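Please look through the sequence and the model below before reading on. The report that follows goes through the sheets, the helices packed on them, a pocket, and the confidence of the prediction.

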Amino acid sequence: MPESERKKHVPEMTFIHKTDYELEAKIAGRPVYIPSNAMEHVIARHVFGENLDKKTKTTFYPVGQKVKDREIPGLMKVEEIVYYIDEAVKEGKPRLEEDKVVVIYEFDEPEKAGINRLKVVLKEVKGDFGVHFEVLTAYPISGPYVPLYEDGRWVR
């Protein structure tokens, strides 16, 4: 999409994603962070659809954007994504999958943002100051306003 066209459909981008965020959520009593590169990935992939045709399946946050000629409803703001990730990690049950920690969380009030289920993938990081967890990606799995693009076409 040309830059001039994209500006017409970009959701409000007051949210600054060029910083690391520490969540209120903890895993095993350890801090959880969203590094800036992870937040950039979440926004690029699951808001704007970057490299959409290079993956078999992608879901989108309903923040009022246009992707592949489809208008996605604006039920939430981009900056709220961090709060939904925090809620999912805080309230969900983490489980190990290979070397990653995965949280799949089902929201009590999906009508609030059109998302029923959210998946957060994290990694454990051991550093000089102890152990913490970092979000790698987070995306909606399902919901009445969560579009799915799969194998080059809109499925829902």
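Two strands are said to pair if DSSP finds at least two bridges between them. Helices (H or I, at least four residues) and strands (E, at least two) are DSSP runs, numbered from the N terminus. This is a predicted model, in which local features need pLDDT of at least 70 and side-chain atom pairs count only at pLDDT 80 or more, while totals for chains, interfaces and linings use all residues. Residues are numbered from 1 along each chain as its sequence is written, and side-chain values use heavy atoms, with hydrogens and water left out.

**The six-stranded sheet**

Six strands make up an open sheet with mixed pairing, in the order S1-S2-S9-S8-S7-S6. Strand S1 (21-27) and strand S6 (95-97) stand at the edges with a single partner strand each, so one side of each has no neighbour in the sheet. From one strand to the next the twist averages 40°, where axes are lines fitted to C-alpha atoms, for helices over the stretch in contact, and angles run from 0 to 180 degrees between N-to-C directions. Strands of a sheet pair through backbone hydrogen bonds, either parallel or antiparallel.

| Strand pair | Sense | Bridges | Example |
|---|---|---|---|
| S1 and S2 | antiparallel | four bridges | Ile-27 and Arg-30 |
| S2 and S9 | parallel | two bridges | Val-32 and Phe-133 |
| S6 and S7 | antiparallel | three bridges | Glu-97 and Lys-100 |

S8 and S9 form a hairpin with two residues between them. The hairpin of S1 and S2 likewise has two residues between the strands, and there Ala-28 takes a positive phi near 50°. In the hairpin of S6 and S7, with two residues between the strands, Glu-98 has a positive phi near 60°.

Helix H3 (residues 80-91) lies across S1, S2, S7, S8 and S9, and runs at about 15° to S1.

**The three-stranded sheet**

A further open sheet has three strands in the order S3-S10-S11, with antiparallel pairing. S3 and strand S11 (153-154) are at the edges, each with a single partner strand, so one side of each is left without a neighbour in the sheet. Three bridges join S3 to strand S10 (residues 148-150), and Lys-57 has Glu-150 in S10 as its bridge partner.

**The largest pocket**

On a 1 Å grid over the protein atoms alone, a cavity is a set of points where a 1.4 Å probe fits but cannot get out, whereas a pocket is an open set with protein on both sides within 12 Å along at least five of seven lines, and lining residues have an atom within 4 Å of a point. Grid points are joined across faces, edges and corners, and a volume is the space filled by probe spheres set on the points. The largest pocket has a volume of about 310 Å³. Its lining has 16 residues, of which Arg-45, His-46, Lys-57, Thr-58 and Tyr-139 lie nearest the centre. H2, strand S3 (57-59) and S9 are the elements that give two or more residues to this lining. The lining residues divide into five nonpolar, six polar and five charged, where Ala, Val, Leu, Ile, Met, Phe, Trp, Tyr, Cys and Pro count as nonpolar, Asp, Glu, Lys and Arg as charged, and the others, Gly among them, as polar.

**Confidence**

The protein averages a pLDDT (the predictor's confidence in each residue, from 0 to 100) of 87, and 87% of the residues score at least 70. Confidence is highest in S7, at 97, and lowest in helix H1 (residues 3-9), at a mean of 41. Over residues 1-14 pLDDT stays under 50, and for these residues the model has 22 contacts beyond four places in sequence. Where pLDDT is low, the predicted coordinates should not be read in detail.

Key: Contact means heavy atoms within 4.5 Å.
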